[in-house]
Amino acid sequence: MPLKSKLPRVGTTIFTRMSGLAHSHNALNLSQGFPDFAPPEGLARALGEHALQGHNQYAPMAGLPRLREAIAVQLALHREVAVDPEAEITVVPGATEGIFCAITAIVEAGDEVIVLDPVYDSYEPAITLAGGRAVHVPLMAGSYAIDWDRVEEAISPKTKLFMLNSPHNPCGSVVSRADLDVLALLAEKHDFFVCSDEVYEHLVYDGRQHQSVLQHPVLRARSFAHFSFGKTLSVTGWKTGYCVAPPALTRELRKVHQYVAFVAVTPVQHALADFFESDPQYPAGLAVDYQRRRDLFLSALSKSRFSWTPTAGSYFQLLDYTEISNESDTDLSERWTREIGVASIPVSVFYEKSPEQKVLRFCFAKSDDILLEAAERLCAI
């Protein structure tokens, strides 16, 4: 019997391809989004201690109670929202799994889901596997802000879910309270749910404040909000995050989660609980450190031929190479990885229909030496 793929347009992710190319050419890897510096020492030590203490079997399906309680404390401290750790928080093996479970729980055959281009690459495959259709709405050119008029034009009686991503990957744009107010009006008017990817919540710069759907009463009542310990604590390989949603939505998410992964890793959960119980204010200092890295990288590029707007959030910086080359971003990113030894991500791959632009994404969650060396090589082009 011939095999018919459920995802015929999906191949190896751009992150895997570019990281593999970087490795094979010994290039500085500013493509895939992971820090190259150590996580907090106490966190790493706690993981080893809990594994040695025998905390290696299944945790409760929804997550360790003490970790969910620590998450509730974090949300009260940093977002000023009260959340029930038993009924509204689910610990998952990575935000990607949580987002997949949320989409699977809500989307049915024939439903439409609005996504904003450039869109993070895991969303549409999950929508397709659930039987839905992704409706692509481009962000505004240059600012990468949401064009709410175009969003409303895209809404139909089949619209079931809206995918929000702030701080945005790959663009680094962030939504405002006014954006959330508009989204709330549309969600109530057209009766759809929201899936909010907020994994870079603590990486917002230049005096801005992260705006979470959890802080908006209307949106909180109809949203899944997803967060990542990997991004916050520089442990992306631990693949642990959590989803916050009202009880009815949480029940549906857990129905799927228990058959996709069942649980997140037990000693990791214990280590995270220890860390946040001992240092609950740790996330508050992240923006200062990452903004310093962003500014160091951009300052070192000041004599280059790139143009840019400093990223508002995440740990990604977009660079426009219009004055340097007419090549496509996919060709150029691969050539520069091979020839100058700096790997980046072409932004066009995140679009259904890419606009006429020449933009690459660079990750600045790297050590100072790597950022300065990468900038020196880019300036020499």
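Q: Which helices and strands do the buried residues of H13 pack against?
A: In this predicted model, the buried residues of H13 pack against helix H1 (14–24) and helix H14 (368–379), and also against strand E10 (342–343), strand E11 (345–346) and strand E12 (359–363).

Q: Which residues of helix H13 are buried, and why do they lie on the same side of H13?
A: An α-helix has 3.6 residues a turn, so residues three or four places apart point the same way. In helix H13 (residues 329–339), the buried residues are Asp329, Leu332, Ser333, Trp336 and Thr337. They cover an arc of only 135 degrees around the axis, and therefore sit on the same side of H13.

Q: How should I read the angle at which the axes of H1 and H13 cross?
A: Angles under 35 degrees count as roughly parallel. Here the axes of H1 and H13 cross at roughly 20 degrees and come within 9 Å, so the two helices are roughly parallel to each other. H1 passes H13 in a right-handed crossing, where Met18, Leu21 and Ala22 in H1 meet Ser333, Glu334, Thr337 and Arg338 in H13.

Q: What is the order of the strands in the open sheet, and which are the edge strands?
A: The open sheet has three strands in the order E9-E12-E11, with antiparallel pairing. Its edge strands are strand E9 (316–320) and E11, each of which pairs on one side only. Five bridges join E9 to E12, and glutamine 317 stands opposite phenylalanine 362 in E12. H13 packs on this sheet, touching E11 and E12, and its direction makes about 45 degrees with that of E12.

Notes: Residues are numbered from 1 along each chain as its sequence is written. This is a predicted model: local features need pLDDT of at least 70, side-chain atom pairs count only at pLDDT 80 or more; totals for chains, interfaces and linings use all residues. Side-chain values use heavy atoms; hydrogens and water are left out. Buried means under 20% relative accessible area, exposed over 50%, partly exposed in between (1.4 Å probe, protein chains only). Helices (H or I, at least four residues) and strands (E, at least two) are DSSP runs, numbered from the N terminus. The arc is that of the directions from the helix axis to the C-beta atoms. Contact means heavy atoms within 4.5 Å. Two strands pair if DSSP finds at least two bridges between them. Axes are lines fitted to C-alpha atoms, for helices over the stretch in contact, and angles run from 0 to 180 degrees between N-to-C directions. Angles under 35 degrees count as roughly parallel, over 145 as roughly antiparallel, 65 to 115 as roughly perpendicular and the rest as oblique. A crossing is left-handed if the near helix is turned anticlockwise from the far one by less than a right angle, and right-handed if clockwise.
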